[in-house]
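Please read the following note with the model open beside it, and check each point against what is displayed.

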Amino acid sequence: MSTDSTDGTDGPVTEEITVTVNGEPVTAAVEPRLKLSDFLRYECDLNGVRVGCEHGVCGACTVQQDGRTVKSCLSYAVQADGAEIETVEGLDDDGSLHPIQEAFHETHALQCGFCTSGFVMATKELLEENPDPTREEIETGLADNICRCTGYQNIYEAVEHAAEKMEE
Ligand code: FES
Ligand code: FES
């Protein structure tokens, strides 16, 4: 439902949405122009959602929406009303890192780390669809994500390592 500002004066129109974020329902009144990435960062305090290019090129803002990766800078929060969103913060299991996170750590697949949560979320979808990808399939699967630091080799090794871990 759309509403005017709460004081009755002309103000931003807001829409009440409820989104399940990392398993918890979040209800908020948001402006229709609020990006999903900004909703996650500023309404949900999930700073693992990184905002780089803001136009769908770098992949730093990648999250899963209803089990599929999306670039959260390219959609609006109101479009996620009723959806389930998973961010990198939702991957840990009672404080233990997810095998993909462990693999990125163990293979030194990051330097500044800005891109890492996006790569981890993209890797999650890749390995869900293809648990034993070839190097070429990994390169293709992560082609929507950009890293300015690592030169990619350690990232590809991290995905291979994660695949081994998840098979165990
Ligand atoms: S910030 Fe969304 S793709 Fe770059
Ligand atoms: S580790 Fe710095 S951009 Fe990827």
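1. Strands β4 and β5 pair in the antiparallel sense over 4 bridges, where strands are DSSP runs of E with at least two residues, helices are DSSP runs of H or I with at least four, and both are numbered from the N terminus. Two strands are said to pair if DSSP finds at least two bridges between them. The two strands form a hairpin with 2 residues between them, and D66 in the turn has a positive phi of about 50°.

2. Strand β4 also pairs in the antiparallel sense with β6 (residues 84–86), over 2 bridges, and there Q64 stands opposite E86.

3. A word on the basis of this note: the model is predicted, so local features need pLDDT of at least 70 and side-chain atom pairs count only at pLDDT 80 or more, while totals for chains, interfaces and linings use all residues. Residues are numbered from 1 along each chain as its sequence is written, and chains are lettered from A and ligands numbered from 1 in the order in which they are written.

4. The domain assignment gives domain 1 (2–90) and domain 2 (99–167), with bounds that come from an automatic or database domain assignment. The C-alpha centres of the two domains lie 25 Å apart, and the contact between them takes 15 residues from domain 1 and 12 residues from domain 2, two residues being in contact if their C-beta atoms, placed from the backbone, lie within 7 Å. On the side of domain 1 that touches domain 2, β4 and β5 each supply at least two residues, and the largest share, 3 residues, comes from β4.

5. Which helix packs against both β4 and β5 through its buried residues? It is α3, whose buried residues also pack against α2 (99–106), α4 (135–141) and α5 (153–167). Helix α3 (residues 116–129) has 14 residues and reaches 20 Å from its first C-alpha to its last, close to the 20 Å expected at 1.5 Å a residue, the expected span being 1.5 Å times one less than the number of residues. This helix is mostly covered, with 11 of its 14 residues buried, among them F119, V120 and L126. A residue is buried if 20 or more other C-beta atoms lie within 10 Å of its own, exposed if 12 or fewer, and partly exposed in between, with C-beta atoms placed from the backbone.

6. In the largest nonpolar core, which has 42 residues, L40, I155 and V159 touch the most other members. Such a core is a set of buried Ala, Val, Leu, Ile, Met, Phe, Trp, Tyr and Cys residues joined through C-beta atoms within 7 Å. At least two of its residues come from each of β2 (14–21), α1 (36–43), α2, α3 and α5, and at least three from each of domain 1 and domain 2. Leaving aside residues up to four places away in sequence, I155 touches A109, F119, L142, C147 and T150.

7. Not counting residues up to four places away in sequence, E157 touches T107 and A109.
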